[in-house]
Amino acid sequence: LQLTLFQRETRNTVDWVRETEASPKWVATDLGTVKTSGLELRNYSRFPRYFAVRTAHTWLAKEYEPDLYAGRYVIDYPRFVSQITMEWEPASYLLAVYGQELRWQDDSPARENDDLFGASGRLAVHIRPVWFDGLQLTLACDNVWNDRLEVFLGQPSPDRRVSGTVTYSW
């Protein structure tokens, strides 16, 4: 178990902002001093029968001076992120991994949808044939729940996607 409390202060912090709702474009702007406080909690547990669980939780709070309509990166941030990854390896040639992220984004009037909460997930199955050393076949599904949260303002999350990968390492 790992617990981290932190406070960071950055000066001359630049973000892409819109000063008002009527502002036609995003402009790089010096926000001055930005204070970020937070807490991180991480854990890794391995269980019998080839099962492992990783968890990570992060809480953030920011303080900044300018009263702006919206920012894309520094001002628009996740207040809370919780992640869990479960790994099951029933045999040396087979690994199944599921990762889930829950995210509560800071409110921004520039967000194109009203969602402040997101739940993206990833499922992957890795097969390493015992008869072909160094080969790995992967079938994965990203954004399992087809979540629509805009992690970055104006950029909707990609739709659910399925992929296959062949990797050879020597």
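Biologist: Is Val166 buried or exposed in this predicted model?
Modeller: Val166 is found in strand 11. Its relative accessibility is 61%. Exposed means over 50%, so Val166 counts as exposed.

Biologist: Which strands each supply at least two residues of the nonpolar patch?
Modeller: The patch covers about 1100 Å² of surface. Its members include Val125, Ile127, Val166 and Tyr168. The strands asked for are strand 9 (117-127) and strand 11 (161-168).

Biologist: Which residues make up the largest nonpolar core?
Modeller: In soluble globular proteins, nonpolar side chains tend to be buried together. Here the largest nonpolar core has five residues in all. One of them, Ile75, touches Val17 and Leu31, among others. The five are Val17, Leu31, Val34, Val74 and Ile75.

Biologist: Which are the edge strands of the open sheet?
Modeller: Three strands form this sheet, in the order 3-2-6, with antiparallel pairing. An edge strand here pairs on one side only. That gives strand 3 (27-30) and strand 6 (70-71).

Biologist: Which residue in strand 3 does Val14 stand opposite?
Modeller: Strand 2 (residues 14-18) pairs with strand 3 in the antiparallel sense. The pairing runs over four bridges. Opposite Val14 stands Asp30.

Note on methods:
Residues numbered from 1 in each chain as written. Predicted model: local features only at pLDDT ≥ 70, side-chain atom pairs only at ≥ 80, totals over all residues. Heavy atoms only, no water. Patch = residues over 30% accessible without salt bridge, like charges linked within 9 Å, V, L, I, M, F, W, Y side chains within 5 Å. Areas by Shrake-Rupley, 256 points an atom, 1.4 Å probe, with all protein chains shown as cover. Salt bridge = Lys/Arg side-chain N within 4 Å of Asp/Glu carboxyl O. Buried < 20%, exposed > 50% of the residue type's maximum accessible area, 1.4 Å probe, protein only. Core = buried A, V, L, I, M, F, W, Y, C linked by side-chain atoms within 4.5 Å. Contact = heavy atoms within 4.5 Å. Pairing = 2+ DSSP bridges. Lists of a residue's contacts leave out its neighbours within four places in sequence.
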